[in-house]
Amino acid sequence: MGIIQEEKIFLDQTLTTQKEVFEFLAKQAVETGISADEKHVYQRLVERENEGTTGMMDGFAIPHAKDQSISEPSILIVTLNKGIEWNSLDGQLIDFIIALFIPDTEAGTTHLKLLSAVARLLMRNEVTEKLKAAQSKAEIATLLNEKIGENE
């Protein structure tokens, strides 16, 4: 099984601010068994964002949290029904979020590998176009698992 799992993909959400997205991600991190501490995960997402934007190009953001409450490296994906302000690199609204959750113990290794793999994928038009066009959780999971696997 790849790192992207269908039960960790949330399509067409009606979140309207970055704060709402972070609250949703923290809640889902607990509900999907990634973390035992919703507050900590939320704080880590905010702290990381305050260091510099995770809003990339073309409507994608890659927020990430490292915390001792996180049990294993995981990814949550959220698509929004309309774009929100995120201070992205190209000034565009964000509507596709790929959130990384990394245990503190793996902060320097897994975290950097995953982050660079995801960031490299988002620089490829054929990947971002397919992600935007995907109609189902299965399509998104399959595409990302295949593409992340190619980079290993």
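The model is predicted. The protein holds five helices and five strands. With 152 residues, a compact globule would have a radius of gyration near 15 Å, and the 14 Å of the protein agrees with that.

**Overall fold**

- Read from the N terminus, the order of elements is β-α-α-β-β-β-β-α-α-α.
- The C-alpha atoms fill a box of roughly 35 × 35 × 25 Å along the principal axes.
- Among contacts with a separation of 6 or more, 68% join residues 24 or more positions apart.
- Of the 152 residues, 45% count as buried.

**Surface and charge**

- The protein carries 15 positive and 25 negative charges.
- The mean positions of the positive and the negative charges lie 1 Å apart.

- Is F22 buried or exposed? F22 is buried, because its relative accessible area is 2% and the cut-off for buried is under 20%.
- Which residues does F22 touch, leaving aside neighbours within four places in sequence? Its contacts are Y42, L45, V46, E49, P63 and W86.
- Y42, L45, V46 and E49 fall within the range of helix 2, residues 38-51.
- R44 is 22 residues from F22 in sequence. In space, the C-alpha atoms of F22 and R44 are 9.6 Å apart.

- How many salt bridges does the structure hold? It holds six.
- Side chains of opposite charge can pair when their charged atoms come close.
- R44 meets E47 in a salt bridge, at 3.3 Å from N to O.
- Both R44 and E47 belong to helix 2, residues 38-51. They are three residues apart, about one turn of the helix.
- R44 also meets D67 in a salt bridge, at 3.0 Å from N to O.
- This second pair links distant parts of the chain. D67 is in strand 3, residues 64-67, while R44 is in helix 2. The two are 23 residues apart.

- D67 is buried, with a relative accessible area of 0%.
- R44 is partly exposed, with a relative accessible area of 21%. The cut-off for buried is under 20%, so R44 does not count as buried.
- E47 is partly exposed too, at 43% relative accessibility. Exposed means over 50%, so E47 does not count as exposed.

- R124 forms a salt bridge with E126. Their closest N and O atoms are 3.0 Å apart.
- R124 is partly exposed, with a relative accessible area of 25%.
- E126 is partly exposed, with a relative accessible area of 37%.

Definitions and conventions
Residues numbered from 1 in each chain as written. Predicted model: local features only at pLDDT ≥ 70, side-chain atom pairs only at ≥ 80, totals over all residues. Heavy atoms only, no water. Helix = DSSP H or I, 4+ residues; strand = E, 2+ residues; numbered from the N terminus. Rg over C-alpha atoms; globule rule 2.2 N^0.38 Å. Buried < 20%, exposed > 50% of the residue type's maximum accessible area, 1.4 Å probe, protein only. Contact = heavy atoms within 4.5 Å. Lys, Arg positive; Asp, Glu negative; His and termini not counted. Charge placed at Lys NZ, Arg CZ, Asp CG, Glu CD. Salt bridge = Lys/Arg side-chain N within 4 Å of Asp/Glu carboxyl O.
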